[in-house]
Amino acid sequence: MKRNIITVQIAENKEISFETGKIAKQANGAVLVRQGETLIFSSACASNEAKEEIDFLPLRVDYQEKFSSAGKTLGGFIKREGRPSEKEILVSRLIDRPLRPLFEEGYYNEVQLLAYVWSYDGVHQPDPLGICAAAAALTISDIPLIKPVAAVRVGRIEGKFILNPTLEEMSASDLDLLLAGTEDAILMIEGYCDFLTEAQVLEAIETGHHAIQKICKALADWRSVVGKPKNRETLRKIPEDLTKLIESQTAKALEHAVQIPEKQKREEAMGKVKEELMSALFPENQEPKFSQIDAKLAFKSIQAKYLRKMILEKKTRSDGRGLKEIRAIDVEPSLLPRTHGSCLFTRGETQAVAVCTLGGESMGQRYENLDGDSLRRFYLQYFFPPFSVGEVGRSGPAGRREIGHGKLAERALSATLPSQEAFPYTIRLESTITESNGSSSMASVCGGCLAMMNAGVPIKRPVSGIAMGLILEKDKTAILSDILGVEDALGDMDFKITGDKEGITAFQMDIKVEGITLDIMRDALEQAREGRSHILDKMLEVVPEPSKEMSIYAPRIETMQVKPSKIGTIIGPGGKQIRAIVEETGAQIDIDDSGLVSIASSDTASMKRAKEIIEGLIGEVEIGKIYHGKVTSVVNFGVFVEIMPGKEGLCHVSELSEKRVEDIFSYIKQGEPISVKVLDINERGQLKLSCKATA
């Protein structure tokens, strides 16, 4: 294949180029995407055949930021990129989500998408380009993707929407919206904002989709020039007679099972129906007429059919609720006595234990990326142990799902945080899901907000979160509030949204089918606003405002502003001075580049002493002022007195007393307290002190 390049203009002075045919020609598809001097390479490869036992699409997506792309090398001893960072995992998920539903039905070959940042200019952000690159590689490959997919980021500055904003523009934006879709529909939305309204969010989505349409149309035209014919030979088609046979044998039992309110009993009933079906279809010692995988796939589609039918026709759900009805909510603050703040939040069969921990800057989460090293002073960590769904499973480092859910809840709550000046603490939230039946990430938002309020964090506005679902069949639509796990798995949309009654802080949408219009989204947003308002009211009934007093176990933090020129004085050579203060007082001390000093300690006396030492270090000695110091050494001609930390002067023997001092070594000892007056400071900064002048 010859080198081929196309360019798409998504906005004024903003172009994205796609190139293929030069690099990685043995891959099924390979593309270089460029905006400015940021370049993303992506490859798409698939196995030749599907494994017989597979009944899902084995898609693997890995996005990696090469530090060499920004002329950097990783810190630490190992200089090679290895385990993916949190950001790389999150972008990998962003690439996966809009592409997965666009593979042709029945395609179960193993697919691997790799995306690398090869050049980064510090201006154009790589994540939307990563989605475009992976989608383009699939589009021109022989892997059966139904149609092209593209993505853009939308920012908002002073009410004006900006497509693919630069890093500098994003710092002034009150919206961070990443969306992906086809020429006809939106498939994925990931957005965070500062309490924008539903109307503003919809306008941003519409603005972004116009740009996506331009890119998708260009990719479709490009595919006709450089694309390979799609390979559909391995598509698995479920025999119609098998589907009809299974439906005839299971219809009545499934129709009953999907209406069982309790999750475990419902799953047991469905499992029993499936077990009896498989025994009937595949008796021992007989040659099977059908494939077991085909039978399982057919059973799953029939199961979804009856659940969807019940919702669309009867307007009722498995647990007996109406479409807009929210499950019962229970809130128990101060669950854990020794934590700084905690709350048990239960909604139906979903439950989260949320814990808030407060500390100084050293408790912040340090991270390294292409833009440099930084510190996160607020972070939420989400834990999903297997017992939450009554299973035995893996327990260890966080998986991709846990990282994704935790980041959604973290960013949803970020808009509520007080300024660092008003509350100089690092805040760590933990959300452990102890029971799960749908929307555990939204339970983490609610529980996390309540745990912060319980800890005494003066948040700006309390928020709640809700997960919405959708069933769409031709001209029939049902929007579901507070969805169950089964409604998420078998529905057409999973839409999570957080905020208060007036505005939105986060929204995440995954759409599995095309045909969801802006009008449907508008209705879903309005129904979500009603739902999250109801949940917030229930939260505030129990915890109406942040606690006035912090836990006795939480550290106290005081801040003081010093001149940046004095930072080196406090730290000392090689950190010697600040270590000495910490060792003497036991307080934790952090200083930022602006000269803001944070002193953290659970002991008031310790904090006071640390503050005194720092004030002494940065203070200026005044002529004529009396200081209460300490004798540091005694010599024949006088004594040296430390009047402030690091500042000492000479009190001559003649200035010790009105009377003559015959034996200075008998008169005063090293370490004794002494009050002296500063008589003079010479050109070398040496202090002339007097004890008798204080009388």
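Two strands are taken to pair if DSSP finds at least two bridges between them. Helices (H or I, at least four residues) and strands (E, at least two) are DSSP runs, numbered from the N terminus. The model is predicted: local features need pLDDT of at least 70, side-chain atom pairs count only at pLDDT 80 or more, and totals for chains, interfaces and linings use all residues. Residues are numbered from 1 along each chain as its sequence is written, and side-chain values use heavy atoms, with hydrogens and water left out.

Six bridges join β22 to the antiparallel strand β24 (residues 596–601). Within this pairing, Met 560 has Val 597 of β24 as its bridge partner. Both strands belong to an open, antiparallel sheet of three strands, in the order β22-β24-β23. β22 (556–561) and β23 (588–591) are the edge strands, and each pairs on one side only. Neighbouring strands are turned by 20° against each other on average, direction ignored. Such angles run from 0 to 180 degrees between N-to-C directions, with axes fitted as lines to C-alpha atoms, for helices over the stretch in contact.

A second open sheet has five strands in the order β11-β12-β13-β17-β16, and its pairing is mixed. β11 (329–333) and β16 (378–383) stand at the edges with a single partner strand each, so one side of each lacks a neighbour in the sheet. The twist from one strand to the next averages 15°. Five bridges pair β11 with β12 (residues 341–347) in the antiparallel sense. Val 331 has Phe 345 in β12 as its bridge partner.

Helix α8 (residues 400–414) lies across β16 and β17 (426–435), at about 140° to β16. Helix α9 (residues 440–455) lies across β11, β12, β13 (350–359), β16 and β17, at about 145° to β12.

The axes of helix α13 (residues 576–585) and helix α14 (residues 604–618) come within 9 Å and cross at roughly 150°. That makes α13 roughly antiparallel to α14 (under 35 degrees is roughly parallel, over 145 roughly antiparallel, 65 to 115 roughly perpendicular, the rest oblique). Residues making the contact include Ile 581 of α13 and Ile 613 of α14.

The whole structure holds 42 salt bridges, each a side-chain nitrogen of Lys or Arg within 4 Å of a carboxyl oxygen of Asp or Glu. Arg 97 and Glu 190 form a salt bridge at 2.7 Å, N to O. This pair links distant parts of the chain, 93 residues apart: Arg 97 lies in helix α1 (residues 86–99) and Glu 190 in strand β10 (residues 186–196).

Key:
Contact means heavy atoms within 4.5 Å.
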